[in-house]
Amino acid sequence: MNRLASMTRCYLTTYRSSVYRTPCHILVPKNTLPNVFTIRGAHEQKKIRSTLNYMIALGVMTVGLSYAAVPLYRIFCQAYSYGGTTAQAEANETISKMNAVKERPIKIRFNADVASSMQWNFKPQQVDITVVPGETALAFYTARNPTDKPVIGISTYNVIPFDAGQYFNKIQCFCFEEQQLNPHEQVDMPVFFYIDPEFMEDPKMEFVDEIVLSYTFFEAKEGLKLPMPAYAK
């Protein structure tokens with residue numbers, strides 16, 4: 001019995017020694033993998049460059065369209081009397097035979113604006129006038145160049161309310177044509193117009209007693225010629 005107990009203790013001692021003396025080995029791969037963060041960073045930089053190129057191209061295209069936006073928009077609006085732009089009329093026999101509607105007076109108010117880069121002084125000579133449908137009227141604006149250099153301007157226009165634009169007919173005006181003013185030069189610009197008698201037949205015009213005619217002058221580059229429709233001579 002003692003011999004059996006002694007053999008058991010010897011076996012346990014031998015087992016413990018083998019366990020505690022076994023070295024701990026850490027598995028290290030022979031071929032290390034590429035740095036994941038390095039690859040990911042390069043991919044992100046490529047995406048940033050692509051996005052930056054796209055934004056630059058979009059900005060260039062936007063600037064290009066901005067130069068054409070004003071004339072193209074005005075030509076479209078004037079063709080359909082949309083957005084408050086007025087129609088262009090010829091002083092022909094139809095105008096001379098129009099019958100004025102005396103019982104329907106309409107006040108025409110005049111407004112003048114200039115773009116932020118335009119250095120002219122621009123204003124209407126009259127605040128408002130009263131007209132009736134079927135009757136021609138004449139108004140004037142004044143433009144002055146207060147600078148010491150020649151400045152070329154070009155104007156656009158509209159009316160408020162917008163729906164009245166189709167009945168506001170211009171026989172003569174200074175819109176869509178380049179105007180050059182020499183240093184300190186001042187000019188008077190006429191607007192010859194009438195309200196079409198069909199204004200009376202439109203239910204939407206029933207309560208319209210006042211129309212605002214507004215012109216805005218922009219600085220134009222020398223030699224620039226805007227495309228002009230046949231009705232805006």
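Leaving aside its neighbours within four places in sequence, which residues is Asp196 in contact with? I looked this up in a predicted model, where local features need pLDDT of at least 70 and side-chain atom pairs count only at pLDDT 80 or more, while totals for chains, interfaces and linings use all residues. Residues are numbered from 1 along each chain as its sequence is written, and side-chain values use heavy atoms, with hydrogens and water left out.

Entry on Asp196. I find Pro133, Tyr167 and Asn169 in contact with Asp196, contact meaning heavy atoms within 4.5 Å. Asp196 sits in the loop between β9 (186-195) and β10 (210-219), strands being DSSP runs of E of at least two residues, numbered from the N terminus. I note that Asp196 is buried and has no salt bridge, the nearest side chain of opposite charge being Arg104, 13 Å away; buried means under 20% relative accessible area, exposed over 50% and partly exposed in between, with a 1.4 Å probe and protein chains only, and a salt bridge needs a side-chain nitrogen of Lys or Arg within 4 Å of a carboxyl oxygen of Asp or Glu. Of the charges, Lys and Arg count as positive, Asp and Glu as negative, and His and the chain ends are not counted. The Asp196 side chain does reach the backbone nitrogen of Glu198, at 2.9 Å.

Entry on backbone geometry. I recorded a cis peptide bond between Ile160 and Pro161, with omega about 5°, and placed Pro161 in the loop between β6 (151-160) and β7. His184, in the loop between β8 and β9, has a positive phi of about 65° although it is not a glycine; His184 is partly exposed, at 42% relative accessible area.

Key: Helix = DSSP H or I, 4+ residues; strand = E, 2+ residues; numbered from the N terminus. Polar contact = N/O pair within 3.5 Å; in protein donor to acceptor, adjacent residues only side chain to side chain.
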